[in-house]
Amino acid sequence: MKIATWNVNSIRTRKEHVRAFLEEHRPDVLALQEIKVTDDQFPAAFFAEAGYRSTVFGQKTYNGVAFLAREGFHEAADVVRGFPDEGEDAHSRLIAARFGPVVVNIYLPNGSEVGSEKYAYKLDWMQRLREWLDATYGAGEPVVLVGDFNVAPEDRDVHDPEAWRGRVLFSEPEKEALETIRAWGFTDCFRLHHEEAGRFSWWDYRMNQFRRGMGLRIDHIWASRPAAEACADCDIFVEPRRWERPSDHAPVMAELDLGALNGHSQ
DNA sequence: ATGGTCGATTCTCGA
């Protein structure tokens with residue numbers, strides 16, 4: 001099973017890029033973030049032409065997450081949209097579904113600036129995510145948490161750790177909150193296969209940061225123990241960041257060997 | 001300390 005994640009920064013602007021990625025790599029599930037459309041505006045028919053079904057939790061202007069799942073693979077089951085007991089005005093930042101393994105797709109709040117209201121919201125959202133995981137799934141079942149986490153875990157995930165230390169996306173409270181989520185029972189699939197520094201998934205549009213190699217690794221695929229044991233590969237696909245009018249994020253994709261998930265439902 | 005660039009929607013915000 002190939003699971004991919006991509007913050008597309010507007011699905012209307014990026015739908016051709018997404019379709020090109022689908023046609024080249026044929027992931028079984030692609031998790032999208034920052035689609036920036038309501039459900040009725042999502043280009044589901046366009047992706048159906050490429051053989052993909054859409055499951056959407058949209059929002060006008062901001063946020064919005066979705067799954068594209070290959071026809072012939074599992075259909076999305078037990079779909080969850082957002083945390084329970086959120087109001088109608090809640091952000092669309094979490095969608096989860098069972099495709100064999102459970103896939104939880106998050107667009108974690110950016111946090112704006114350390115000490116801001118948005119930063120406090122980010123830390124609170126991270127705590128709610130951990131509590132929701134505790135209440136919803138067991139770490140002994142195959143669960144894959146993917147998306148734009150908006151936190152770089154370690155120095156080797158940041159182009160200039162000294163410059164970034166204490167700043168949003170790399171502050172200590174964010175890293176501690178990330179570790180609390182990880183301690184639910186996740187393993188970083190990328191680090192199972194790549195130890196090197198300087199592998200990034202996001203580069204700011206400003207100041208030619210992509211051309212200058214100034215990025216962060218903030219998009220992740222994390223797997224619970226049985227899913228991590230089945231993880232045969234995980235990599236960042238930088239090429240779409242070079243395309244015309246790119247997203248500021250690159251896709252990340254993992255391969256899970258479902259045959260290794262013996263004792264668990266596919 | 002500031003600003004740089006995108007995208008969606010205005011006469012600016014969020015990233």
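**Entry: largest pocket.** I began with the largest pocket and found 33 lining residues, with Asn110, Ser112, Asn150, Leu169 and Arg206 nearest its centre. The elements that give two or more residues to this lining are helix 3 (117-136) and helix 4 (161-164). Helix 3 provides the largest share, three residues. I noted a volume of about 840 Å³ for the largest pocket. By class, its lining divides into twelve nonpolar, eleven polar and ten charged residues.

**Entry: ground rules.** This is a predicted model, so I kept to its limits: local features need pLDDT of at least 70, side-chain atom pairs count only at pLDDT 80 or more, and totals for chains, interfaces and linings use all residues. Residues are numbered from 1 along each chain as its sequence is written, chains are lettered from A and ligands numbered from 1 in the order in which they are written, and side-chain values use heavy atoms, with hydrogens and water left out.

**Entry: my terms for pockets.** A pocket is an open set of points on a 1 Å grid over the protein atoms alone, with protein on both sides within 12 Å along at least five of seven lines; a lining residue has an atom within 4 Å of a point, and the probe is 1.4 Å. Points are joined across faces, edges and corners, and the volume is the space filled by probe spheres set on them. Helices (H or I, at least four residues) and strands (E, at least two) are DSSP runs numbered from the N terminus. Ala, Val, Leu, Ile, Met, Phe, Trp, Tyr, Cys and Pro are nonpolar, Asp, Glu, Lys and Arg charged, and the others, Gly among them, polar.

**Entry: second largest pocket.** The second largest pocket has a volume of about 200 Å³. I found 13 residues lining it, and Pro153, Glu154, Glu179, Arg182 and Trp222 are the closest to its centre. Helix 5 (172-182) and strand 9 (186-188) each supply at least two lining residues, and the largest share, four residues, is from helix 5. The lining has four nonpolar, one polar and eight charged residues.

**Entry: cysteines.** I searched for disulfides (cysteine sulfur pairs within 2.5 Å) and counted zero. Cysteine 231 is in none, as the nearest cysteine sulfur, that of cysteine 189, is 3.8 Å away. The sulfur of cysteine 234 also has cysteine 189 as its closest partner, at 5.4 Å, too far for a bond. I checked burial too (buried is under 20% relative accessible area, exposed over 50%, partly exposed in between; 1.4 Å probe, protein chains only). Cysteine 231 is buried at 9%, and cysteine 234 is buried at 0%.

**Entry: aromatic rings.** My search of the whole structure gave twelve aromatic pairs. Rings of Phe, Tyr and Trp (its six-membered ring) pair if their centres lie within 6.5 Å; planes under 30 degrees apart are stacked, over 60 edge-to-face, the rest tilted. Phenylalanine 83 and tryptophan 125 have ring centres 5.1 Å apart and planes at 50 degrees, so the pair is tilted. Their pair links distant parts of the chain, 42 residues apart: phenylalanine 83 is in the loop between strand 5 (77-81) and strand 6 (94-98), tryptophan 125 in helix 3. Both are buried. Phe83, Trp125, Trp132 and Tyr137 form one aromatic cluster.
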